[in-house]
Each structure stands twice: as C-alpha cells, then as structure tokens.
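Visitor: Hi, could you walk me through this one? I'm new here.

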Amino acid sequence: MARNKSEKAKADPNGAARPKPEFERRGISASPGIVIGTAFVRDAERISVPRTPVEPARVEVEVGRFGQALADTARELRALKADIARKMGDDHARIFDAHLLILEDRMLIDETAAVIRSECLNAAAAFDKVIGKFIASIAGIEDQYLKERTVDVQDVRKRVIRVLLGTDARASSRPTEPSIVVAHDLSPSDTAQFDRRTVLAYVTDLGGRTSHTAILARSQGIPAVLGLESLVERVETGDTVIVDGNTGAVVVNPTPATLDQYRLEMARFHELEEQLLTLTGYPAQTLDGRAFMLCANLDAADEVGSVLDHGGQGVGLFRTEYFFISQEYLPGEEEQYRVYRQVVEGMAGKPVVIRTLDIGGDKIASYLNRSPELNPFMGWRGIRFCLTRKDIFKTQLRAIYRASAHGNVKIMFPMISQIEEILKAKEICAEVREELKRDRYRYDEDVELGMMIETPSAVALADQFAREVAFFSIGTNDLIQYTMAVDRGNSKIAHLYQHLHPSILRLLRLTVEAARRRKVHLSICGEMAGDPLSVPILIGLGVDEFSVSPNVIPEVKRMIRSVTFDECRALLRRVSRFRTTAEIEGEIEAFVKSHVPTVLEPGRMGK
Ligand code: PEP
Ligand code: MG
C-alpha cells in the first residue's frame, strides 16, 4: 500500500526515533463514542500482487511452488468443507466442490506454468494474470450459470494468491487484539464477521452514515467515523489513533497534550451516557402525556441484553440478513429457528418484529453465487430475492413461525414496491402455516404481518398497502436514497442525503395519513428515528413507535420526555412552510437546543 514515507518515524542524528507527527482528519460521524487505541490497517482485501522477476535457473522451483500452493489451497478448502458438512450437512458442504474443481482445471494450471516459464514471472503474478483473463472471459458469456461461477473463481484466486504470498487469509484481515480497524471500505459482511471484542472503532475512507456498516457499528455500540477519503494510505498498523465518533474527528499519532484533551472528552461523554441511562425505567412520554413505543433495531441475537439494558420496549426491526452474511453457508431451518427463538425468548413477551431476508444491495452472501449487478441497490434485493428464491424464503418463514410459539413475534417484509409482492408474501405465509400444522409444529396463529415503507412507490400506494397489513415501518435509510437518488453509502454525495428535506417530510406525512385512516400501527425504524433533531418532527407527525439502535434509546427518550406533543405539532406546521433543508434544520435546532441544551452531537447525515 502506498504510504507517505515522511510520516513514518524518523531517526534523529543521534539514532533516537522521532515521534511521528500528529495529524487530524474529519469524516462522517457514523457511530457515537470516543476511543483511543492502536490502528489495525486492513488492506488484505486489496491484495496487491507483486510482479517479481524470477531467475531463469529458479523458474522450475517457482512452478513447483505454484503446484504446492494449489495443493495447500485444496487442503484448506477440504477442511472447510468437512467442517461445514459436520455442522450443516453434506448439501451445504457441496458448495465448495466448484472451488475444488477450479483448482484442478488443466487450462489454468498449464497456462500459469507456461507464463512463469516464458516470462520468468513469480507464480502469484502469473496465476493472477491467467485467472484474471479467465474471469473476464466468463463474465462476458451470456450463460447465467457460468456467470454465477465468477464468484467461485474470484474466491479461488484470492485463496491461492494468499497462500503464494504467505499471507494467512483470516489473520491478515482481522485484528486479534482490541484495535481500531482502519480500512478503505468495509462491506457489511466484513463488518459482521469481525469478532467485536477485537474492534475498538471503525475508521474508513468510504461509506455514509446510513450505510449498513455504520448501522452495524451503531448497534454494536462501536464508535465509527467514515468517509475519510484517503486516510488509510496515511496510517500504519500500530499507530496510535483517537476516534471521536461524536464529532467525526480522527487524530493519528496524537501528542501527549491531545491525548489529555481527549481523555477529558471521554470522561465527559461517559458521564453523559450514565446520566441518560438513569431514564431507563421511565416511559417514553411527552410532557403532556403522549406515549410512544420505543424499541430497538437488532442486528444479531446477542444484542438482546443491550436492548433491555437500554430500556427497549421491544424489537422494532430484527435485520435477519446479518446472520446470513456472517456465515460461510446458507443457514438451515433449525439453525435459524435457534437464533430467532433466542431473541424472542430473550425479549420475554415483548414484541419482536422479525424482518425477512433483505439480502442484496450491499448485503451479499458469497455462497449464494449471485452474479454482480450494475445497480445492486435497485436490483435483486429483499422481497424480490425472496419471491424468486421461494425455497430460501419458506425455510426462513418456517423458522420464524416456529419461534413465534415462544413469545410475541411479528413478521415484516422489506423492499415492497408492488401490491403483488405483499399479496404473494402473504400467500406464502399461509402455505407455510399449513405445512407447519401438517408437520405438527407449534406456532402463534395470530402473528401479525407488516411491511417496510422504504420505496417511494410504497408511500404513493400506502393507502392500498394499509388494507393488506397490520403495521408499517418506515425505512428512511432507503426511502431517502430512492427518493433523492442519493446512494446511502457514498460519502461523496453524503451532503445531499438529507433526512429533513422537504420532500422527505411530505412523504412521511402521506404515510402517516394513510396509516391513520386504516388504523395501521406506524413505526419508524430508519436511522432518522435515532437522530435527536428529527425526534420532535416525528412526534409532531404522530408516529406510534420509534425503533433505533439500542444505545441511542436513552437519548431519544430524553428528547421525547422534554417536549410536548402540541409544541411538536406547531413546530412541524412551521417547518412545513420552508423550502430548504437548511431552513428546516435551523428552526428545529433552535427548538431542540431550547429544550435540551446538552443534546448529544446531532448526528447529522453530512460531515
Ligand atoms: C431502512 O431502509 O431505513 C431500514 C431500516 O432498512 P435497512 O437499513 O436495513 O435497509
Ligand atoms: Mg432498508
């Protein structure tokens, strides 16, 4: 990776190492909290393959090394396959057969050996060249099956190259000690696969405040600053880093004075958190007595303790796809049932809204062998995926219905944009219930079905959808990206991602009105619900429920308990006349500051 050499520790003329100079960068504050720690620079995914000439006399040794690397990779894959067969059965383990076949492909082996010999090139570079050509050729073929094999070939490429370069795949891409993970980008599956005990904070060049990596960090209570542009090139593993997730500041190689200043900030922040936690036992009710459900968004079963500790009245959104993308194989019914049951029992009778698989977009499970899409967020995602992969959908629904026998479960469908989708999803639920009855499984007959309102089309048709479901949950993260045509994960245009934009407020109002008319319970589970500035507006709109990251619950509750419903309605009326986000934000900010002067960093969507 390119590094700015001038920033590495330099030796002075007497030989003593001079400290590296301190520098600060500002990014998007994606998850609150302040930490000081050691950097772990994660560059393993961008494997840069060095081109090293090989002495003609050593060419055959290099060809031999290549053969050995193929054998070692095959051994690694067979071990992985056996492990999965033990845990999941032979069917799941068979996904690695394709990888093993690629390793035996004569054309790949012979051509790579030929390149090593003819170009006197190191094996890693030769293999990369040959397999790169192969990937490009199958990507251009119209055959869907072949196209889908590209993912397997890519995986084999990475594995063989890592073996040749002597880098252990896992160890090089994940920290083993508690560290600040610094990366160019982190996909949701990268983030989901980290052992959270080893992550003090996330710092990335790319990403926006509602990217799924940011959301995961928030629900794990791990500070994060994203959108730092090219920070990764200026940090080295082992550097001391301060991450201030409240303000978006990242300080590298801090001086003792800066460290002292941030230690003070940390103490102040902890004190504020402690104060907020004293609200846990109180209701989420305005000063004039309007009560709201205050629930949590959950990304993993082991977050239930945090939901309860922070005073969550239920789970308003369980994003089940993180469980899928953190695995190396498709989880089966039993395995899913155990996870859902753990959450449902953990919540002890409190409502748990389990959202069916919202895979696609940036949430990709490599074992599903999907071919790359040009516009993944507008592609084969959420309910669209589930209605075509009915096998996966039904398995999940069976597991959810079975878990419903152990508590208070509701089922929610993501990415609905057409009425046919909700009708079809309901029909499949009915099928699943019949089958469970036939198989003599217990389940709750009254499980409510609901849907996300996260496409502009769902808002436009909200009155019709309201006839079909028991509840709505507004997913502002997607609703904003689809309405404003602003990719939620793109830091370059993060300033255009405005949740208080007049168009968004109008869509929210339309949804609330449709829900009211048909008495459909209305929750809001996008990140907007956890932004203290938005809370008075959402109160004024009259939503029934807020669902936010567990550690944000106390701050939202403080805001609800500091205002009256009437003044929030008046505020909403005032801002509805404005034409720009800046005017709206200005008005709300003044209102919020006058009610809660110590409001936490508002967590705005831009920098
Ligand atoms: C949303 O889109 O607002 C939402 C809650 O769903 P997700 O963030 O998982 O896309
Ligand atoms: Mg969404």
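Guide: Happy to! One term to begin with: a residue is buried when its relative accessible area is under 20%, exposed when over 50%, and partly exposed in between, using a 1.4 Å probe and the protein chains only. This is a predicted model, where local features need pLDDT of at least 70 and side-chain atom pairs count only at pLDDT 80 or more, while totals for chains, interfaces and linings use all residues. Residues are numbered from 1 along each chain as its sequence is written, chains are lettered from A and ligands numbered from 1 in written order, and side-chain values use heavy atoms, leaving out hydrogens and water.

Visitor: Thanks! Is Thr112 buried or exposed?

Guide: Thr112 counts as buried, because its relative accessible area is 0%.

Visitor: Which helix is Thr112 in, and what does it touch?

Guide: Thr112 is in helix α4, residues 106-119; helices are DSSP runs of H or I with at least four residues, strands are E runs of at least two, and both are numbered from the N terminus. Leaving aside residues up to four places away in sequence, Thr112 touches Phe66, Ala123, Ala126, Phe127 and Val130, where a contact means heavy atoms within 4.5 Å.

Visitor: Why does Glu454 count as buried?

Guide: Because its relative accessibility is 2%. Asp478 is buried as well, with a relative accessible area of 2%.

Visitor: How many residues of helix α23 are buried?

Guide: In α23 (residues 553-561), 8 of the 9 residues are buried, including Ile553, Val556 and Met559. Their cover includes α11 (256-277), β11 (293-298) and α25 (581-595).

Visitor: And the whole chain: how many helices and strands?

Guide: The chain has 25 helices and 18 strands. Of its 607 residues, 55% count as buried. Along the principal axes, the C-alpha trace spans about 85 × 75 × 40 Å.
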